[in-house]
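Welcome, and thanks for taking a look at this one with us. The notes below walk through a few local features, one at a time.

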Amino acid sequence: MTHAVALILVTLVTICTASTNAQTIRSGELWPDSDGIHINAHGGGILFHEGTYYWFGEHKSADTSRALVGIRVYTSTDLTSWTNAGVALAVSDDPMSEIVSGCVIERPKVLYNQANDTFVMWFHLEIKGHGYNAARSGVAVSDSPTGPFTYLGSVRPNPARFPITISDDLRERAFKAPRAPETPTPGQTKPQISDRLFIRDIYGGHMARDMTLFLDDDGTAYHVFASEDNFTLHIAELDDTFTRHTGRYERVLIGGHREAPALFKREGRYHLITSGCTGWAPNAAEHHVADSIWGPWTSTGNPCTGDDADLTFRSQSTFVLPVQGKRDAFVFMGDRWTPETPIDGRYVWLPIAFDDAGTPTIEYLEEWNPGDHWADISPGGAP
Ligand code: GAL
């Protein structure tokens, strides 16, 4: 073989290799992991720890959304190629366990607690055979980000605690509720219905369904969940172990009927993206912004633009990921659910752009790469 032919061959091989290795995010497609199997991490969230992204999500099966395996974890350094790191929290065989196979485990999120060097996972838990009525939050811990996580138990958050903001009227009604429970009244508005549900649950603990976790710059962790039958979100502070609520919480978007919360912080302001409540079917997202995590939260409307914007590009929010090493880089993460064959659910990940007022916009991109999309943080630049 002449040198010229060899050079052409090497060049061809390089071009082919480069194109097959070109890693991009293609929403709605199959996303093979390191074993060539579509990633099974639905309703997920991502933890960045010591140079690696850890993607935790619900393992779903071919014919059921119930938890038959547990919570999976995948690892990546570039957000496009993912290594299967196994099951982070396994369901139990013990019929007496709350996390027995066949229960519902949804929307797991994990934080790293620097103070005690542990990884803390929270998730929405429903007791096997009881539909979505339990509305509990499960918590598990591990010494390693890939697990195995040890299940600690579940709670209905903040029993017998009043939120930071409560009217005198609602407080009075809550005190009376154990002796004189309130009954539904025809024609009640959504905020009125929500107040009644809040009173109903105040001593037993509040309902907690769709959820996320958020770690603030000062090291305080928060649990954000759809409560009061999904009519109102609660933002609740966690203690310094991240495994318990402190009792400090706020009711936000009262009667707003929002779920699938994703909370992030940019330039000192808090941003919240939520979905409406239409089960597995997609609907329009909404964005809220606040100067304090406790609110007041102001809506800026639907952040999505373009075709299918009113359906969040046929997805539902689950998390917003700050990309490391990039300037002003946040990824919207959504699930495109396929309830007939849950294992086939797809992921919709898109870059978030911000206008001059700091309001986010999400536009659909067929194919993109977080490594190319944003500028690197310059030396000494703020993340
Ligand atoms: C959705 C929720 C999902 C799942 C589903 C069950 O509204 O966001 O996480 O709970 O309902 O129908």
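## A residue in a loop

This is a predicted model. Setting aside residues up to four places away in sequence, I99 touches L89, A90, V91, S92, I105, F123, L125 and Y151. I99 itself lies in the loop that runs between β4 (83-90) and β5 (104-113).

Is I99 buried or exposed? Its relative accessibility is 4%, and since buried means under 20%, I99 counts as buried.

## The largest nonpolar core

In soluble globular proteins, nonpolar side chains tend to be buried together. Here the largest nonpolar core has 35 residues, and those touching the most other members are I46, W55, W82, W349 and I352. Two or more residues each come from β2 (52-58), β13 (259-266), β18 (316-322), β19 (330-336) and β20 (346-354). Of these, β20 gives the largest share, six residues.

For a closer look at I352, leave out neighbours within four places in sequence: its contacts are then F264, I273, V320, F330, V331, F332, P360, T361, I362 and W374.

Helix α2 (residues 168-176) and helix α3 (residues 190-201) have axes that come within 9 Å and cross at roughly 40°. The two helices are therefore oblique to each other, and their crossing is right-handed.

On the α2 side, the contact is made by L170, R173 and A174; α3 brings D195, R196, F198 and I199. By type, the contact residues are four nonpolar, three charged and no polar.

Definitions and conventions
Residues are numbered from 1 along each chain as its sequence is written. This is a predicted model: local features need pLDDT of at least 70, side-chain atom pairs count only at pLDDT 80 or more; totals for chains, interfaces and linings use all residues. Side-chain values use heavy atoms; hydrogens and water are left out. Axes are lines fitted to C-alpha atoms, for helices over the stretch in contact, and angles run from 0 to 180 degrees between N-to-C directions. Helices (H or I, at least four residues) and strands (E, at least two) are DSSP runs, numbered from the N terminus. Angles under 35 degrees count as roughly parallel, over 145 as roughly antiparallel, 65 to 115 as roughly perpendicular and the rest as oblique. A crossing is left-handed if the near helix is turned anticlockwise from the far one by less than a right angle, and right-handed if clockwise. Contact means heavy atoms within 4.5 Å. Ala, Val, Leu, Ile, Met, Phe, Trp, Tyr, Cys and Pro count as nonpolar, Asp, Glu, Lys and Arg as charged, and the others, Gly among them, as polar. Buried means under 20% relative accessible area, exposed over 50%, partly exposed in between (1.4 Å probe, protein chains only). A nonpolar core is a set of buried Ala, Val, Leu, Ile, Met, Phe, Trp, Tyr and Cys residues joined through side-chain atoms within 4.5 Å.
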